[in-house]
There are 2 protein chains.
Amino acid sequence: MESLPPIDPKYHIQTQPLNPPPRLLLGPGPSNAHPRVLQALAMPLVGHLDPQFIHLMNEIQDLLRYAWQTRNPLTIPVSGTGSAAMEATLANLVEPGDVVLVGVNGYFGERLVDMAGRYGAKVKRLEKPWGEVFTLQELKQAIEQEKPAILALVHAETSTGARQPLEGIAELCRKHDCLLLVDTVTSLGGVPLFIDAWGIDAAYSGSQKCLSCPPGIAPLTFNERAADKLHRRKQKVANWYLDLTLVSRYWGSERTYHHTAPISMNYAFREALRLVAEEGLQARWQRHQENAERLWEGLEALGLQCHVPESLRLPSLTTVRIPEGVDGKKVAQFLLSEFNIEIAGGLGQLAGKVWRIGLMGYNSRKENVALLLHALKEALQHLKA
Amino acid sequence: MESLPPIDPKYHIQTQPLNPPPRLLLGPGPSNAHPRVLQALAMPLVGHLDPQFIHLMNEIQDLLRYAWQTRNPLTIPVSGTGSAAMEATLANLVEPGDVVLVGVNGYFGERLVDMAGRYGAKVKRLEKPWGEVFTLQELKQAIEQEKPAILALVHAETSTGARQPLEGIAELCRKHDCLLLVDTVTSLGGVPLFIDAWGIDAAYSGSQKCLSCPPGIAPLTFNERAADKLHRRKQKVANWYLDLTLVSRYWGSERTYHHTAPISMNYAFREALRLVAEEGLQARWQRHQENAERLWEGLEALGLQCHVPESLRLPSLTTVRIPEGVDGKKVAQFLLSEFNIEIAGGLGQLAGKVWRIGLMGYNSRKENVALLLHALKEALQHLKA
């Protein structure tokens with residue numbers, strides 16, 4: 001070996017063993033991981049082509065199909081966080097020049113616009129104030145006007161707490177030869193969602209919301225119409241890591257090596273999806289709804305107002321208006337420092353105007369609602385005094 | 001809520017608790033995670049903007065700078081596997097029309113070619129048979145001929161086991177106003193590597209090789225010359241998730257939300273880097289070298305031949321020629337089924353010709369060498385008989 005330079009000791013720092021504070025994560029995500037998910041995460045590794053891992057991949061795909069209520073063969077987790085699954089969906093479906101119509105009524109609609117533009121889409125924005133949703137009539141008109149190849153909507157806008165009703169939109173899209181692409185990051189596993197019955201062509205989600213798995217793996221699903229568009233592409237997908245023509249050969253019967261799958265995150269994701277299957281979708285959706293209603297009643301009793309009308313409110317994420325004269329940031333800091341509870345403020349149009357409170361997956365529990373309401377009451381009293 | 005469709009029970013499958021077999025991962029990666037890394041992985045989550053997490057992010061950056069021997073401010077982990085860090089490096093540095101000269105002497109050189117092409121590079125290939133490396137003279141000639149904006153080389157070719165000497169190349173690149181981009185996936189933490197002293201402008205790596213952290217997080221580092229090229233870009237980075245102009249605002253002092261960081265993988269990565277700092281780079285490199293030499297001697301004693309000459313052999317990954325008349329796949333299967341040991345076969349030019357044996361990070365231990373040599377001997381006897 002050649003003679004080596006001396007070692008630079010500048011960043012040879014001393015650190016302490018990891019000792020995270022016991023946070024209750026009631027913000028927009030991540031939610032706390034279920035203890036069984038954390039256990040799975042810590043299991044010894046196997047290789048990404050090990051027969052045992054391949055068996056586990058098959059299970060993940062089936063459990064994911066159940067959670068999403070789809071029979072789509074192309075249903076897989078992407079090796080990144082929810083934003084990677086969002087980008088994978090766009091990168092694979094958008095070809096340069098495609099008109100992509102995006103419903104922009106929150107932060108994640110904006111992100112769809114940014115991403116679709118990077119893949120060469122002619123992006124058309126359909127806008128609504130943050131917290132509102134699009135009616136079928138508005139969507140119909142916009143589709144007829146813009147003639148998009150893809151309509152992208154956010155089912156559960158984490159930045160606003162609004163739930164976009166999806167029934168009927170697919171028929172509209174099919175009539176106009178357009179794909180329906182849906183962001184289900186904050187709905188999968190917590191809010192009623194039927195990929196096949198609602199005719200959604202492509203959807204993506206995250207792991208760290210209603211599935212209560214740590215962030216770092218994120219699923220997507222394409223039906224036949226979406227897969228057809230992918231396979232008819234004239235150009236290579238402009239993203240190697242997320243190229244589904246390659247990734248799906250690893251997740252498909254060929255098992256061709258593409259990149260090393262995040263083994264431990266797949267362990268955790270499988271366990272999170274097992275918990276969904278054990279509880280059953282109906283029971284799980286009902287639990288989310290009931291605990292959200294408890295929260296909403298409690299907030300009202302504290303004299304607080306929700307930003308979204310109840311019929312469109314997400315059970316997984318509630319936006320609460322910060323009352324006149326209250327410093328929203330100080331309240332959040334008080335909850336964190338005094339009670340180890342994380343909630344978040346608003347983004348964009350709602351910055352400084354709302355708090356965002358998540359009751360997602362494992363965290364959607366009666367005791368968490370009770371604790372939060374108590375802590376919030378104390379914070380409001382303390383900071384007004 | 002609208003009336004909902006019935007739940008489709010088709011994929012409501014029964015699964016067993018996770019129970020992975022106790023594999024010893026002596027292939028090209030992942031290696032087994034260190035037990036302390038697995039413990040860190042299972043720690044309770046905090047939010048991605050929690051003050052405690054931000055402190056941990058700073059520690060990760062410093063520990064990474066030590067491991068890489070760099071003072072580059074832009075030294076961060078990407079929220080994906082090693083291939084995502086590879087793509088991030090190219091996506092941010094390549095502008096359409098840039099000439100990118102790639103040293104192709106193995107599988108990962110080929111991948112660099114594919115990725116750079118997707119970002120609009122005019123890719124020029126400098127080729128060598130798999131297992132050989134490039135001389136300074138060859139590189140000089142190619143740079144003078146192609147006048148590239150970027151020269152991309154693989155320091156540790158996981159597909160061949162060859163170590164590309166890097167000394168002197170940076171001077172050549174600077175003289176010709178070219179950036180030196182280096183793949184250090186299988187060298188970081190196991191093979192002598194000096195980003196600053198060797199003048200490497202941009203590098204990336206993985207977590208699951210010599211750092212013994214599970215796959216799912218992957219670092220990169222850019223020096224000032226590389227960061228300058230990034231900041232002088234005329235077009236947006238054609239990849240939202242990996243856009244360092246956005247990601248670096250989350251890792252920088254602004255802490256602007258970009259995507260939800262993979263919290264648990266960051267916990268694990270920090271612990272893996274702490275282990276590097278505790279052991280010290282010099283001791284760690286020496287351990288890898290000594291155990292590799294033990295392996296090479298043992299292989300020779302079994303009558304086996306290494307594919308790469310000893311002076312260029314990676315201590316982290318050894319390619320061993322499969323002897324005439326031996327079914328390489330059967331040997332690997334025997335090791336897995338009889339001894340729970342994973343090794344791998346060759347790729348591309350070396351498919352069917354070599355085994356790949358990794359001694360990486362936590363797995364680079366005397367007892368693992370002894371066990372593998374014993375098992376390999378038994379496999380060869382058993383399968384010849």
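Colleague: How are α11(B) and α12(B) oriented to each other?

Modeller: This is a predicted model, and what follows is computed from it. Helix α11 of chain B covers residues 328-339, and helix α12 of chain B covers residues 366-384. The two pack with their axes 9 Å apart, at an angle of about 120°. Angles of 65 to 115 degrees count as roughly perpendicular and those over 145 as roughly antiparallel, so α11(B) and α12(B) are oblique to each other. Their crossing is right-handed. On the side of α11(B), the contact is made by B:Lys330, B:Val331, B:Phe334, B:Leu335 and B:Phe339. From α12(B) come B:Ala375, B:Ala379, B:Leu380, B:His382 and B:Leu383. Sorted by class, the residues of this contact are eight nonpolar, one polar and one charged.

Now the contact between the chains. Here 81 residues of chain A are in contact with 81 residues of chain B. On the chain A side, the elements that give two or more residues are α1 (35-41), α2 (51-68), α3 (82-93), α4 (107-118), α9 (263-279) and α10 (281-301). Helix α9(A) gives the largest share, eight residues. By class, this side of chain A has 41 nonpolar, 22 polar and 18 charged residues.

The same surface serves both, since 100% of the contact residues of chain A recur in chain B.

Key
Residues numbered from 1 in each chain as written. Chains lettered and ligands numbered in written order. Predicted model: local features only at pLDDT ≥ 70, side-chain atom pairs only at ≥ 80, totals over all residues. Contact = placed C-beta atoms within 7 Å. Helix = DSSP H or I, 4+ residues; strand = E, 2+ residues; numbered from the N terminus. Nonpolar A, V, L, I, M, F, W, Y, C, P; charged D, E, K, R; others polar. Axes fitted to C-alpha atoms, helices over the stretch in contact; angles between N-to-C directions. Parallel < 35°, antiparallel > 145°, perpendicular 65-115°, else oblique. Left-handed = near helix turned anticlockwise from the far one by under 90°.
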